Structure formats: structure tokens, C-alpha cells
Amino acid sequence: MPAGKRNACFLGILGAFANLRPCRLPYNVRPSLNELKEKWGPPAAALWARLRASAPGQRIALLPWWRRWPTRREWLRLAAALPLLFALYVLCLIPFTPSISDIRKAKQEQPAQIMSADGKLISEFKRSNLQWVPLNQIAPSVVQALVATEDHRFYEHHGMDFKRTVGSLILTLQGRPQGGSTITQQLARNLYPTEIGRARNLNRKLKEAITAFKIEALYTKDEILETYLNTVPFLYNAYGIEMASRTYFDKPAARLTVLESATLVGMLKGNAYYNPVLNPDRALSRRNTVLMQMVKRGELREAEFERLSKRPMRLDFERQEEPTGMAPHFAQQLRKWLIAWADAHDYDIYADGLVVRTTIDSRLQAWANQAVAHQMRTLQGVANGGWSQPGGWNAANPVVQQLVRESEPYRRLRGAGESEDAALKKLLADKAFMKSLRDDKTRVQAGFLAMDPRTSAVLAWVGSRDYAEDAFDHVQQARRQPGSTFKPFVYGAVLQQGARPEDTRKDEEVEIQLPGGEVWRPTDAAAPTGEPITLADALAYSKNTVTAQLMQDVGPNRVIRLARALGVRQSPLEAVPALALGASPVTLLEMVNAYGSLANAGRYIPPQLVTRIENSDGEVLAEFTPPKPEQAWDEEHNYQLVDMMRAVVNKGTGRAIRQRYGIRADVAGKTGTTQGNADGWFILMHPQIVAGAWAGFNDPRITLRSDQWGQGSRSALPMVGDFMSRALRSPLLNAKAHFASPETSHWWSDFMDRLRSKLQQWTGARSDQEPGEDAAPAPAPGRRPSAPSSAPAPEPAPESDIEESTPALPPSKAPSAPPPADNAPPPNLDTSPGLAPGDGMPPPQAPGQAPPGWSDVGTPLPPLQPAPAQSRP
């Protein structure tokens with residue numbers, strides 16, 4: 001052979017090995033050797049000639065061995081060098097494959113266990129939805145079908161079947177690609193998809209083989225089979241043979257028949273392609289192929305094959321939902337924090353067997369779940385009845401039309417070229433779509449949270465009525481207008497400025513000038529009496545007119561500072577007059593935390609979720625204690641405000657706590673209802689526990705359509721009342737505990753009271769009285785806050801409910817918004833050892849939400865600039 005052609009051929013061979021890829025050409029169209037020579041021979045020879053003519057090529061040509069055919073010894077050296085180079089390459093790949101410790105850990109993988117404070121399992125953090133079962137609890141037919149189909153020499157090789165590998169290589173080069181991986185190699189690929197990769201090349205195969213050899217060195221054949229069958233995916237969020245058996249046949253893996261085993265093993269070649277749910281014909285054909293392989297390997301008789309192969313595909317399909325546990329929203333919040341902690345301390349929450357001791361009490365959590373479920377059934381019946389009435393859910397309702405326009409089917413029709421009117425008309429006439437939309441939009445939701453005010457430990461957390469239906473967390477993610485539950489911060493700011501609970505304001509109409517010439521006139525459920533009313537009674541009966549006056553006296557900024565100090569620290573608060581009535585949306589977590597500060601003598605502690613983290617052996621890895629409390633404001637003022645809030649449950653809007661639920665403990669709280677009854681709130685404080693609830697809909701334009709049931713005292717209070725009545729009867733709490741009065745000297749306040757009384761005598765009238773009115777008697781020095789006697793408000797009949805007024809709020813530039821999309825990050829939270837650091841504010845509104853600037857009932861609102869703060873004269 002001439003030297004030029006010989007060298008060109010040699011270069012061609014090296015190039016072919018360097019770029020080896022599976023050939024997919026059919027056998028009958030593969031080019032012949034002569035065709036290849038004619039096509040690529042001349043260009044290769046020309047290229048080789050140019051290389052020889054170059055300066056480097058001429059210097060190389062002077063070498064003695066280059067000008068002749070290699071000797072036998074040189075061929076032997078080359079033959080010996082190639083395996084050495086290959087071995088060196090394999091050695092270089094070893095550091096890039098899973099380590100021995102990682103492989104040993106894979107078999108012993110232990111997910112993190114989340115435990116309650118009383119030692120009950122709340123949740124487990126698993127990589128996937130699987131249930132590990134030992135090999136002796138898997139039907140023998142599964143193992144027989146698997147070995148016969150995937151790796152019939154499984155018990156003979158040590159991780160790699162060289163016969164099958166060479167055969168697969170030959171078939172691939174012939175254009176008939178065939179898999180050559182053993183069960184051990186497949187296990188390596190399933191366990192370490194990132195380290196090994198999925199690309200079809202020599203590099204992946206080598207990594208796969210190296211890992212397989214390591215696995216074979218560490219585990220027995222039965223352990224390999226057990227690990228493989230418990231980790232292989234089977235679609236529909238089912239991992240492992242146990243979950244696959246329950247998903248497709250609704251039975252445990254130990255009871256699988258030969259046909260069912262063959263069906264599941266047949267899916268391993270391609271889960272989607274051989275999916276028995278969507279592609280039953282393909283799955284049936286593949287099942288019979290597996291049965292044929294079992295016959296071939298002696299695991300099944302020929303007669304049995306003939307009988308079984310004629311049977312149809314029969315499934316009992318049911319998706320297996322991942323267990324959520326008793327507190328799923330709490331667990332999801334904790335998962336984010338635990339991942340960050342584990343990454344910082346080099347732990348794996350899915351494998352290292354961490355045991356996380358939380359603050360949740362399983363008994364309190366169970367009572368909270370029951371209270372929410374019971375009230376949601378009641379409210380859903382009210383909502384269904386309300387929306388079935390004339391003017392409710394029908395095609396003529398503007399709210400319904402707007403909801404249709406915001407739906408995904410409407411956007412698809414518009415994208416397909418339909419006009420707005422045609423798309424709207426078509427969907428309004430679609431009964432199935434309208435029923436689905438109604439069920440989704442009119443589904444009542446709730447949030448519930450209980451905390452220990454002494455440590456801010458979270459005791460119970462219910463983020464929605466059903467985590468499977470709605471994973472959106474109405475405790476920590478949802479921001480809704482708090483209504484009158486925000487009023488205590490206004491009264492607290494007034495107390496800070498020197499007022500006392502027995503001070504009075506006139507119950508009269510109020511007009512507040514807004515920027516731009518607008519006038520806001522807050523109203524109450526009943527017409528103003530024109531008589532003076534004490535601040536304590538005004539809060540107890542939730543008087544909007546009086547609260548609006550007080551906001552004008554102290555200014556919004558002082559109210560905001562107090563709310564921030566007590567715990568409302570993440571949600572933006574607008575410095576506008578309507579803030580007095582809860583116009584700025586906040587989270588239930590913030591409000592309960594702030595009320596917890598009130599119950600804790602005015603000391604703020606961020607929420608705590610975790611007390612201790614241990615390893616699987618019980619060794620303590622980390623302990624978490626609450627941080628030092630922050631004194632948010634004066635303890636004396638705090639006690640006065642708590643005493644005022646006692647009147648809410650003693651005789652005010654929250655008196656159902658006493659009358660309906662029979663709670664006699666020392667408690668204080670506040671109800672809240674927003675415009676249009678879109679949100680119902682109630683928060684109750686006890687020295688040892690604070691519980692709060694919210695009830696409403698994901699879309700604030702949807703309401704219960706009932707003024708009676710829309711009140712916070714009827715929608716949210718029953719959840720708290722049911723829960724607290726059980727908790728206070730249990731040994732978990734001391735029902736006789738009382739809010740502690742401040743143990744400080746009151747000489748300064750007594751002195752100020754005397755001075756104030758003298759000034760009133762000299763002036764003849766108080767600063768807030770009309771001319772001619774008699775001054776109210778000053779309180780005795782050092783007197784504790786008590787029920788007012790100088791100007792009592794008329795009390796309702798014992799069994800009647802006090803209707804909480806919900807006046808129209810002035811326009812706001814920050815309306816309450818529906819919940820963000822499922823992938824939206826939660827709002828920023830206090831970064832404490834017990835609470836996960838937040839991911840920032842929620843993103844802009846997601847598709848399908850109300851457009852910006854819409855009120856609770858969908859009325860367009862003009863923008864409003866914040867009003868300047870006013871100081872108390």
C-alpha cells in the first residue's frame with residue numbers, strides 16, 4: 001500500500017474511534033467500503049499531502065521510523081499502549097463517580113423526621129414519593145420477570161456483563177442499537193443521574209460501569225435487587241415497586257400476580273411509551289414480551305404463557321398522593337429553613353436521618369384541624385346557598401363575567417382568534433366550565449394559627465381547609481385586610497399619648513378630608529347616638545367613627561410604629577386615615593404574633609418553629625432558644641390595652657366566646673370584618689396561648705353574600721372558640737392563669753392624673769368636650785383599668801349578636817389581592833432560628849387575579865396619596 005493511502009487510512013481509523021457514536025442507519029442503506037473510499041479517499045489523501053508538505057511535516061518525515069512500515073515490535077508497543085491509555089482514562093474518571101461512602105449511604109438513606117413537641121411524627125422529608133419494602137415483601141414473580149428481561153446473567157457477573165456489552169456494541173455499529181446495561185448499571189444510573197449523566201456516549205458507559213463495580217463490591221445481589229426495585233420510577237409520582245403496585249393495581253407489591261409483575265417490569269424499558277393507562281395496547285404487547293422472556297429463561301411454562309398472554313390488560317389505577325401529615329403548611333415552611341440550615345452544616349435532609357424537634361403540639365394541631373374543618377363545612381353551605389340565589393352565580397353578574405375573562409380557557413379562545421364577546425358568550429354557555437369555575441372561586445378558605453405568647457412558639461398551624469386542594473398558605477403567604485383587628489394598635493397609640501380607657505369621645509358623624517378634595521365618611525352599623533362613649537366601649541363595640549377620630553388625633557405614623565414594634569413587620573402599611581379600620585393587607589402570622597406581644601406584657605419575640613435537631617442516634621446537633629424579648633412599648637399602656645380588649649369578649653363583638661363556648665378564663669381579643677364581608681377575623685389572647693383565625697375566599701371579590709355570616713364573629717370566631725374551649729379544658733394549659741399587672745411604681749402616672757384633674761377643674765372642660773358639657777369624673781389615683789361607669793354604652797340583649805360595621809373604605813393604592821400563583825415565593829419573614837428566611841415580597845399579580853385598583857367587589861378606584869400624619873393636640 002502506498003505510504004500516502006496507508007497514512008490516510010490510519011488517520012481515518014483514529015478519527016473514527018475519537019468520534020464513536022451509535023450508527024442509526026438501516027442495514028440495507030449502509031454505504032459499502034468502496035463507496036467510502038471513493039468519497040473520502042481523495043480528500044483525505046490531499047489533506048495528508050498538505051500536511052506532509054508543511055514545515056512540521058517535513059521535519060517529522062526525516063525521522064527514521066516514519067519512512068517505513070512499522071516493525072512487529074513497534075506494532076506490539078502500540079498494541080500495549082492503547083490498553084494502558086484506556087486504563088489511564090478510566091482511572092481519571094473514577095474521581096468523577098460516586099464515592100464509596102455515597103453508595104453506602106444510598107442503601108441506608110434516612111429522610112429527616114419532623115417531630116411534634118409531644119413526640120409525634122408530623123412529616124418526613126423524602127426525595128420522592130416512595131415506600132421502601134424489603135425484598136421478601138415483594139412478589140417473587142417481580143424478581144423473576146425483572147432478571148429474565150433485563151439481566152438474565154445477573155447472578156453471574158460482577159456489575160457488568162461483558163458478553164452482552166460486546167453484543168450490544170456490534171449491534172449498535174450495525175445500525176440496530178440495543179441496551180447492554182445490567183441491573184446494577186441501571187441502579188447506578190437511577191441513583192446518581194447527575195454524576196453519571198444520561199448522554200449516549202462512551203464516557204457515560206464508563207462511569208456507569210465504574211459505579212456498578214463499586215455497588216457490587218459493597219452489596220449482595222439481593223440487596224442490589226431490593227434497592228433497584230425500591231428506587232425505580234413508574235410515572236405519576238410513584239417511585240419503587242410498592243407505590244407502583246398501589247398506583248396501577250391498588251394492592252401491595254407482595255400480592256402482585258405474574259401478569260401484573262410483567263406489566264410493571266415491561267414499563268422499565270420506557271415508562272411513557274409503555275404507560276398502561278395511556279397506551280394500553282403497547283403495554284399489553286410489552287407485557288407479553290416479558291412473559292416470553294420468562295419462558296425463555298425457564299421461569300414460566302409454555303402452557304402458562306399461552307394462557308396468560310391472551311388475557312386483557314386490567315388496571316385499578318389510583319394516584320398515590322404523598323402523605324402530607326397533620327400540619328402540611330407548617331412542614332413546607334420548615335422545609336425551606338431546614339434546607340438552608342443543612343446546607344450550611346453539611347447535612348442532607350433526605351438521607352442523613354435528621355430528627356427535627358418542633359414547637360407544634362399534636363393535640364392542639366388536631367383540635368385546630370377539626371375546628372377549621374367543621375366551620376368550613378358550615379360556611380361552604382352558606383356560600384353555596386348565597387350564590388344560588390337570584391343575582392348570584394349567573395351569566396349576567398358582572399363579577400362572574402370578569403372571572404370568566406380572567407380564566408385560562410378565555411385566554412386560549414382569544415389567542416385562537418375569537419373576539420372578546422364571542423369568547424365570553426361561548427364560555428358562559430359552557431355548563432361544565434361554569435360549574436368548575438364556580439366550585440373553584442366559591443370554595444371557602446381559612447387560616448388558623450396558635451402561638452405561645454411567652455416564647456412565640458408556634459403550637460398549631462392550619463394554612464388552608466385542605467392542603468391537597470389548595471396548598472396556598474393563608475397563614476404566612478396570604479395578605480388580607482385585617483379590618484377591626486387592627487384597631488387595638490390605634491387605641492394603643494392613643495394610650496401612648498396620655499389618654500386613658502375611661503376617656504370619652506362623642507359618637508357622631510365624622511368627615512375626613514383626603515388629598516384631592518375627597519371626603520371620607522366612616523360609618524357604623526347603627527346611627528351615631530351623639531352621646532359620649534368611653535374609649536374602652538368604643539373598642540369593645542368596634543366603633544368606626546370613634547376610631548377614625550382617634551387616628552386623626554395621633555396620626556397614622558404613630559400607629560404604624562406601634563404595629564411594627566409589636567410584630568407587623570413585613571407587610572407594607574399605608575399612612576392613610578383608613579389604616580385605622582385595617583385597610584392595609586397583612587398576614588395572619590403577623591397579626592397573631594403582634595397579639596402575642598400584647599399577651600406577653602408588650603414584649604416582642606419572633607415566631608419559633610424548632611427547638612432541637614438531632615441525628616438518628618439521638619445526639620443533639622443544634623438547640624434553638626427564643627431570642628431575648630424586645631420591649632415594644634410601655635408595660636402599663638400594654639396592660640391598659642389588654643384590659644380594654646377584655647371587654648370585647650365580655651360584652652362586645654366577641655362575647656360569643658363567653659356565651660356560646662362557655663370560656664370563663666381570663667381572655668381578651670378582637671373581631672374583624674372588612675368591606676363587603678370579604679374577610680372575617682378573630683384573635684383571642686390568653687396568658688399562655690394566642691389563637692387567631694381568618695375566613696374568606698382566595699379572590700376577595702367573592703363573599704359569602706350574607707351580612708350575618710360574613711361577620712368575623714360568625715365566620716372566624718367559631719374556629720377560635722371551638723379550639724380554645726378544648727385547649728383550656730385540657731391539662732396542656734392553666735385555665736386559671738391571669739394577665740399579670742405591671743409590677744412597677746405608679747407615682748408618675750398618679751402625679752400626672754392629679755395634675756390633669758387640676759387642669760380640668762381650672763379650665764372647666766376637657767379638651768375633647770363640647771362647650772357646656774359636664775366633665776367626667778377623674779379616676780382615682782393608681783386605679784386599674786376597669787369597666788366604664790360614667791358613660792356606658794347600651795348593652796345588647798344577652799343572646800343577640802352585635803353587628804360589626806364595615807363601612808366603605810376610601811380608595812387605596814394597595815388593594816387586597818388574591819393569592820399569587822403556586823410558584824410564587826412567600827413574603828419576607830423574621831429570620832429567626834425557628835422560622836425560615838423569606839424570599840422577598842410576592843411578585844406582581846398572576847394571571848387570573850383581580851386587576852390593580854379594584855375594590856373588594858370589583859369597583860374601579862382612583863389612586864390615593866398617603867395622608868400626612870397629624871399629631872395629637
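Lys543 forms a salt bridge with Asp524, with the closest N and O atoms 3.8 Å apart. A salt bridge is defined here as a side-chain nitrogen of Lys or Arg within 4 Å of a carboxyl oxygen of Asp or Glu. The pair links distant parts of the chain, 19 residues apart. Lys543 sits in the loop between helix 23 and helix 24, and Asp524 in the loop between strand 8 (519-520) and strand 9 (532-534). Helices (H or I, at least four residues) and strands (E, at least two) are DSSP runs, numbered from the N terminus.

The model is predicted: local features need pLDDT of at least 70, side-chain atom pairs count only at pLDDT 80 or more, and totals for chains, interfaces and linings use all residues. Residues are numbered from 1 along each chain as its sequence is written, and side-chain values use heavy atoms, with hydrogens and water left out.

Lys543 also forms a salt bridge with Asp507, where the closest N and O atoms are 3.2 Å apart. Lys543 lies between helix 23 (535-540) and helix 24 (544-554), and Asp507 lies in the loop between strand 6 (504-506) and strand 7 (512-513), so this pair ties together parts that are 36 residues apart in sequence. Burial was classed by relative accessible area: buried means under 20%, exposed over 50%, and partly exposed in between (1.4 Å probe, protein chains only). Lys543 is buried, at 12%. Asp507 is buried too, at 2%, and Asp524 is buried at 15%.

A search of the whole structure finds 31 salt bridges. One of them joins Glu469 to Arg443, with the closest N and O atoms 3.3 Å apart. This pair links distant parts of the chain, 26 residues apart. Glu469 is in the loop between strand 5 (457-462) and helix 22 (487-496), while Arg443 is in the loop between helix 21 (431-441) and strand 4 (445-452). Both residues are partly exposed: Glu469 has a relative accessible area of 48%, and Arg443 one of 22%.

The next element is a sheet. Strands of a sheet pair through backbone hydrogen bonds, either parallel or antiparallel. Here, 5 strands form an open sheet in the order 2-1-3-11-12, with mixed pairing. Two strands count as paired if DSSP finds at least two bridges between them. Strand 2 (121-125) and strand 12 (620-623) are the edge strands, each pairing on one side only. Neighbouring strands are turned by 20° against each other on average, direction ignored. Strand 11 (residues 610-614) and strand 12 run antiparallel and are joined by 3 bridges. Arg612 has Glu623 in strand 12 as its bridge partner.

Helix 16 packs on this sheet. It touches strand 1 (112-115), strand 2, strand 3, strand 11 and strand 12, where contact means heavy atoms within 4.5 Å. The direction of helix 16 makes about 55° with that of strand 11. Axes are lines fitted to C-alpha atoms, for helices over the stretch in contact, and angles run from 0 to 180 degrees between N-to-C directions.

Asp346 is found in the loop between helix 16 (328-344) and strand 3 (355-358). Asp346 has a positive phi of about 60° although it is not a glycine. Its relative accessibility is 70%, so Asp346 counts as exposed. Asp250 has a positive phi as well, of about 55°, and is not a glycine either. Asp250 lies in the loop between helix 12 (240-249) and helix 13 (258-267). Asp250 is partly exposed, at 42%.
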